[in-house]
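Take a look at the model below.

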Amino acid sequence: MKTLEKRIRTTVQQGNKAFVPYMMAGDGGLTVLNDRLLFLQEAGVTAIEIGIPFSDPVADGETIQQAGERALANGVTLRKVLDTLEIRSHDVHVPLVIMTYLNPILAYGIREFIARCSEVGIKGLIIPDLPLEENVPFVNELNETDIALIPLVSLTSSVDRIANIVSQAEGFVYAVTVNGITGIRNAYDETLVQHLQQLKASSPVPVLAGFGISTARQIEAFGACTDGVIVGSAIVEAFHRGDEQFINELVQSSTSIRSLS
């Protein structure tokens with residue numbers, strides 16, 4: 001079992017739900033990256049998802065797109081992010097997960113990228129545009145590492161496809177809660193809870209819900225039927241406006257959530 005999955009399971013066994021914030025690397029400049037990681041760690045998050053800015057972020061909504069544009073304007077690249085993480089990696093003890101699209105990895109080189117991730121202590125990879133059928137080069141390189149390749153399951157995935165995805169899953173399964181891109185939402189499909197419960201029952205690794213989750217009420221609702229949540233746009237917005245108190249309140253809302261039977 002890899003470190004990321006162990007951390008999530010330990011959190012759940014302690015009676016809490018996993019809380020994984022997403023932040024855009026380089027939004028505000030790379031000089032603030034490690035300070036924000038340390039802040040989130042101190043707030044009590046389970047792991048941290050670090051987004052890599054990309055020119056064509058097909059899964060991202062307006063908030064994260066704008067954050068990525070600000071980071072790109074600051075000259076942020078995948079290589080620079082990993083170099084920055086290495087400088088203070090000994091201070092950050094929560095598992096770090098890189099979220100990047102496929103093209104920057106291919107430009108870096110798959111083997112070289114994974115080796116560099118191992119050097120700087122990355123514990124998980126999320127690659128939204130990497131199909132299950134094309135993941136073999138990554139799986140082969142990751143087999144001897146402590147880095148989990150985290151799959152996404154959409155609401156439109158068939159039963160057979162979900163079974164195939166979760167059978168290969170590491171770290172956790174990223175349960176996408178909407179049909180569409182990231183971004184704050186006020187309403188969800190009425191069958192979503194049942195879908196999440198069924199996914200959790202079938203998955204050998206923890207299941208975390210993400211996309212559009214932005215309030216304490218939503219964290220409680222989705223946390224009750226999964227092992228935890230991923231919060232993106234709300235965290236990115238809060239960092240941009242300097243509202244750390246709001247982030248702290250969101251993290252604390254993930255504690256003591258009662259699971260649905």
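Is tyrosine 174 buried or exposed? Tyrosine 174 counts as buried, at 6% relative accessibility. Buried means under 20% relative accessible area, exposed over 50%, and partly exposed in between, with a 1.4 Å probe and protein chains only. This is a predicted model: local features need pLDDT of at least 70, side-chain atom pairs count only at pLDDT 80 or more, and totals for chains, interfaces and linings use all residues. Residues are numbered from 1 along each chain as its sequence is written, and side-chain values use heavy atoms, leaving out hydrogens and water.

**Ring cluster**
- Ring pairs join Phe172, Tyr174 and Phe211 into a cluster. Rings of Phe, Tyr and Trp (its six-membered ring) pair if their centres lie within 6.5 Å; planes under 30 degrees apart count as stacked, over 60 as edge-to-face and the rest as tilted.
- The planes of phenylalanine 172 and tyrosine 174 meet at 35°, so this pair is tilted.
- Tyrosine 174 and phenylalanine 211 have planes at 90°, so their pair is edge-to-face.
- Phenylalanine 172 is buried, at 1% relative accessible area.

**Helix 6**
- Helix 6 spans residues 110-120, and its buried residues include Phe113 and Cys117. Helices (H or I, at least four residues) and strands (E, at least two) are DSSP runs, numbered from the N terminus.
- The buried residues fall within an arc of 160°, so they line one face of helix 6. The arc is that of the directions from the helix axis to the C-beta atoms.
- Arg111 and Glu119, on the other side, are exposed.
- Glycine 121 follows helix 6, with a positive phi near 90°.
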